[in-house]
Amino acid sequence: MPITNTTDNIKTDQHLRQVVIQYSNAKFVGNSLAPELRIRKESDKYRKYKKDGYFSGAPKRADGAPAEEMTLAYDEDTYSTYERADKDIVTDRAMKNADSVFNLKADVAKFLTEKIRLGREIDQADVITASTGGISSSSPDHIVALSGGDKWSDGSNSDPETNITLAKEAVMMQIGRKPNVLLISGKIERHLGSHPAIKELIKYNSLEALTKGGVPSQLWDLETIVAPAVYNSAAEGLPLVMDWVWGNNAIIAYVNPSDPMSFARTFILASRNYKITRWNDEEREGEWIRVVDNYVPKVMVPEAAYL
């Protein structure tokens, strides 16, 4: 007779969840462009307000005349979340040999959560930088591929300040808001940190105001967010091929969760956000720990960013 896992004693572990929530990993920065929006349903409709109504002033009114009626127009769109989940087992023998059983379980929970967070970071980057949808769906197109001497790796000929200024102007012309975030990959940080234009700027900055790569944390009126996360892009079983999650990209965006013109959001199913459960396995002689996260990133206003 086969032995089956004992799963009738599954417990949701709020203590471990608090540990992984408080565990901060600076390499995951996707929420900087797509802040979390906590939801109660896995799929639903949401409003996308039309921007055209924002850009005509209220009409003048004659003395005693009624105010003219305005309508906040919107379209409806939908979202549908999906789930990432992983698990690992802490054996009875490992627990008996551990100095702290809770710390051992916490380390496992952090490891599992790290993999889920990496998955979410990849999803956010893929949605935002996709060749269809994301920023590419803006009109006019807000994607520019620098080439030759215009690449920021060419310190003699490139002009990152002009590139960024033009990108900011393009966004402002579309949404009437000033972009406030510059997200760059670790590779781009290296190129900017060694660029003569940046070196000139940092003469007037303290070391505390620089990223570890030597880029000002506020660059031309934009908050600089460095995205150092990497991942293995090779198929399972093949040799490692490490790549930047955010590629060779610099993204300028307007991010303000309280404003309908904000660039993107990550819909988070609150009831399954880093939900951690545990259960005993008699055959394996240990305790399983499982972490799940249910979410979907969505670009709300593609014109609010420039790639």
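Is Tyr74 buried, partly exposed or exposed, and what is its relative accessible area? In this predicted model, Tyr74 is partly exposed, with a relative accessible area of 32%. Tyr74 sits in strand E4, which covers residues 74-80. Together with Tyr49 and Leu72, Tyr74 makes up a nonpolar surface patch of about 260 Å².

Now for the charged pairs. The whole structure turns up 13 salt bridges. One of them pairs Glu114 with Lys27, at 2.9 Å from N to O. Glu114 belongs to helix H3 (residues 101-129) and Lys27 to the loop between helix H1 (14-22) and strand E2 (36-39), so this pair ties together parts that are 87 residues apart in sequence. Glu114 is buried, at 18% relative accessible area, whereas Lys27 is partly exposed at 30%.

Lys45 lies in strand E3 (residues 43-49) and Glu76 in strand E4, so the pair links parts that are 31 residues apart in sequence. Here Lys45 is exposed, with a relative accessible area of 54%, and Glu76 is exposed too, at 53%.

Lys48 and Asp77 also form a salt bridge, at 3.9 Å from N to O. With Lys48 in strand E3 and Asp77 in strand E4, this pair ties together parts 29 residues apart in sequence. Lys48 is partly exposed at 27% relative accessible area, and Asp77 counts as partly exposed at 25%. Elsewhere, salt bridges with shared partners join Glu36, Arg38, Arg120 and Asp293 into one network.

Note on methods. Residues numbered from 1 in each chain as written. Predicted model: local features only at pLDDT ≥ 70, side-chain atom pairs only at ≥ 80, totals over all residues. Heavy atoms only, no water. Patch = residues over 30% accessible without salt bridge, like charges linked within 9 Å, V, L, I, M, F, W, Y side chains within 5 Å. Areas by Shrake-Rupley, 256 points an atom, 1.4 Å probe, with all protein chains shown as cover. Salt bridge = Lys/Arg side-chain N within 4 Å of Asp/Glu carboxyl O. Helix = DSSP H or I, 4+ residues; strand = E, 2+ residues; numbered from the N terminus. Buried < 20%, exposed > 50% of the residue type's maximum accessible area, 1.4 Å probe, protein only.
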